[in-house]
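Let's take a friendly walk through a structure together.

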Amino acid sequence: MEYSGQLPESNVNLSKRSPLQEMALLLGGLTGLCFLFYLVLGWAVDYAVQYITPEQEQALYRQVQFSEGLGKGAAPERTAAVQALLDGMNECAPLPYRVTVEVIENGQVNAAAFPGGHILIFSGLLDEIESENELAFVLGHELGHFKHRDHLRGMGRGIVLFAMAMFLMGPDSDVGDIIFNTLGVAQQAYSREQESAADRFALDVVQCHYGHVGGSTRFFEMMKEKSETPAFLKYYSSHPADQKRIDDLKALAQEKQYQENAVVPWQVPASQTETGHPEG
Amino acid sequence: MPDILIFLVLMLLGYGFGTWAESRHYKSIHERETKLRKLPVIMLKHPLPQPGRLVKVQLAAGNVVISVDYFKRFLASLRNIFGGRVVSYESLVDRARREATLRMKESCPDATQIINVRLETSSISKSSKKGSIGSIEVFAYGTALTYK
């Protein structure tokens, strides 16, 4: 037999499918699956949250130090002043546990509610506000998150997301990181609804505490002005959201016939802040 | 956000350069296979019947390491979740096997046939840790016989 040395006509070892097609198929499938998982587990968290008692919550989060890495330690006088205001508001926002507040030295204008009844206020926020009513609205907003148990939901969803990425991909993988980043955006949209619910709660609290809602929207007006400054960034700024929140609050105040009266000025140091406002 | 940008750039680089390198490599493989197709490479222990006198026996060996690109690796890690054929690695294995065989042939240009050929994957980068170099290594060797 003569050796002919013929080469095969086609390569059977290569699949015909193009890699881009394969990519689209796999990525699409994976994203869909993750989204479904996230939705279902998110609902499960929402359902489970109502069965977590405040005592369990306290026990779960007692050890956790949320302010770590956010600021340069507590500001005692300011913390005491804000805590006094918060305690005064307690009867307007009945919660089954005492909410504690901590002011941390951080230039950001922000405040956050953490599990275990803990509010963090960044000192940048205290520098920007003008009236006690404004601060009361911000505190009321955070109390609203506690009342609606959003803080647990936020944590729960975060854990769902994290667990999912770990489970699918193992602790250090590119795919996990990508999913994490992509779904983080969806979670922000989720909390926007909660924000407006907390706004409505805060308005009721302020009305109950001062007898009027003056100064409530000033915080958002200030945030709006701040975010408008760089004109070229306008498109990306959050001011339409701020404006919407102001409009919603004004509409709600009108609907409930809440009055806007003179505000109590906010002063630092805190000794004067407790004087001269009508309770209830 | 910067993470996603870096990722996208890496994916584009991986896809662009990976595709370019692969098509170049296949072109070269096709040319050299055509050129060397008259030299039989057989797995049998005994030579094919051959006229003439056996003048030289030598070890013929060729090996190659081919790396995976970022795009292919990402595609494979996606496959890792669902299971099925890892299409993106098929061309790597195919290229490595053919390139090693070609190099083995080229190492003995005057050979009449190469018998008892074996293919092995040697291993110089086998760690499964993140950041390790993903590559395929193929070693082809046999006995080159030269008849005059």
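Among the contacts in chain A between residues at least 6 apart in sequence, 72% join residues at least 24 apart. In chain B, residues 24 or more positions apart account for 83% of the contacts with a separation of 6 or more. Please keep in mind that this is a predicted model.

Here are the two chains side by side.

Counted up, the secondary structure of chain A comes to nine helices and three strands. Chain B has three helices and three strands.

**Where the chains meet**

The axes of helix 1 of chain A and helix 2 (residues 70–82) of chain B come within 10 Å and cross at roughly 50 degrees. Because of that angle, helix 1 of chain A is oblique to helix 2 of chain B. The crossing of these two helices is left-handed. From helix 1 of chain A, the contact uses A:Pro19, A:Glu22, A:Met23, A:Leu26, A:Leu27, A:Gly29 and A:Leu30. From helix 2 of chain B come B:Leu75, B:Leu78, B:Arg79, B:Ile81 and B:Phe82. By class, this helix pair brings together nine nonpolar, one polar and two charged residues.

**Inside chain A**

Packed helices are described by the angle between their axes and the distance between the axes. Helix 3 (residues 76–88) of chain A and helix 5 (residues 132–147) of chain A pack at an angle of about 70 degrees, and their axes are 10 Å apart. Helix 3 of chain A is therefore roughly perpendicular to helix 5 of chain A. On the helix 3 side, the contact is made by A:Val82, A:Leu85 and A:Leu86. On the helix 5 side, A:Glu132, A:Leu135, A:Ala136 and A:Leu139 take part. The residues of this contact divide into six nonpolar, no polar and one charged.

Several of these names come back in the largest nonpolar core, which has 42 residues. Those with the most contacts inside this core are A:Val82, A:Leu85, A:Ile121, A:Leu135, A:Leu139 and A:Val206. Which residues does A:Val206 touch, leaving out those up to four places away in sequence? They are A:Asn133, A:Ala136, A:Phe137, A:Gly140, A:Val213 and A:Ser216. Another core lies apart from the largest one and has 19 residues, among them B:Ala60, B:Ala96, B:Ile114 and B:Ala144.

**A few single residues**

Let's finish with some individual residues. A:Gln108 lies in the loop between strand 1 (100–104) and strand 2 (111–114) of chain A. Is A:Gln108 buried or exposed? A:Gln108 is exposed, because 12 other C-beta atoms lie within 10 Å, and a residue with 12 or fewer counts as exposed. Leaving aside neighbours within four places in sequence, A:Gln108 is in contact with A:Phe122 and A:Gly124. The C-alpha atoms of A:Gln108 and A:Leu125 are separated by 6.8 Å, although these residues are 17 residues apart along the chain.

Next comes a backbone angle called phi. Most residues other than glycine have a negative phi. A:Gln257 is not a glycine, yet has a positive phi of about 60 degrees. A:Gln257 is found in the segment after helix 9 (239–255) of chain A, and is exposed, with 7 other C-beta atoms within 10 Å.

B:Asn116 also has a positive phi, of about 55 degrees, although B:Asn116 is not a glycine. Look for B:Asn116 in strand 2 (residues 113–120) of chain B. With 14 other C-beta atoms within 10 Å, B:Asn116 is partly exposed.

Notes: Residues numbered from 1 in each chain as written. Chains lettered and ligands numbered in written order. Predicted model: local features only at pLDDT ≥ 70, side-chain atom pairs only at ≥ 80, totals over all residues. Helix = DSSP H or I, 4+ residues; strand = E, 2+ residues; numbered from the N terminus. Buried ≥ 20, exposed ≤ 12 C-beta atoms within 10 Å, placed from the backbone. Contact = placed C-beta atoms within 7 Å. Axes fitted to C-alpha atoms, helices over the stretch in contact; angles between N-to-C directions. Parallel < 35°, antiparallel > 145°, perpendicular 65-115°, else oblique. Left-handed = near helix turned anticlockwise from the far one by under 90°. Nonpolar A, V, L, I, M, F, W, Y, C, P; charged D, E, K, R; others polar. Core = buried A, V, L, I, M, F, W, Y, C linked by C-beta atoms within 7 Å.
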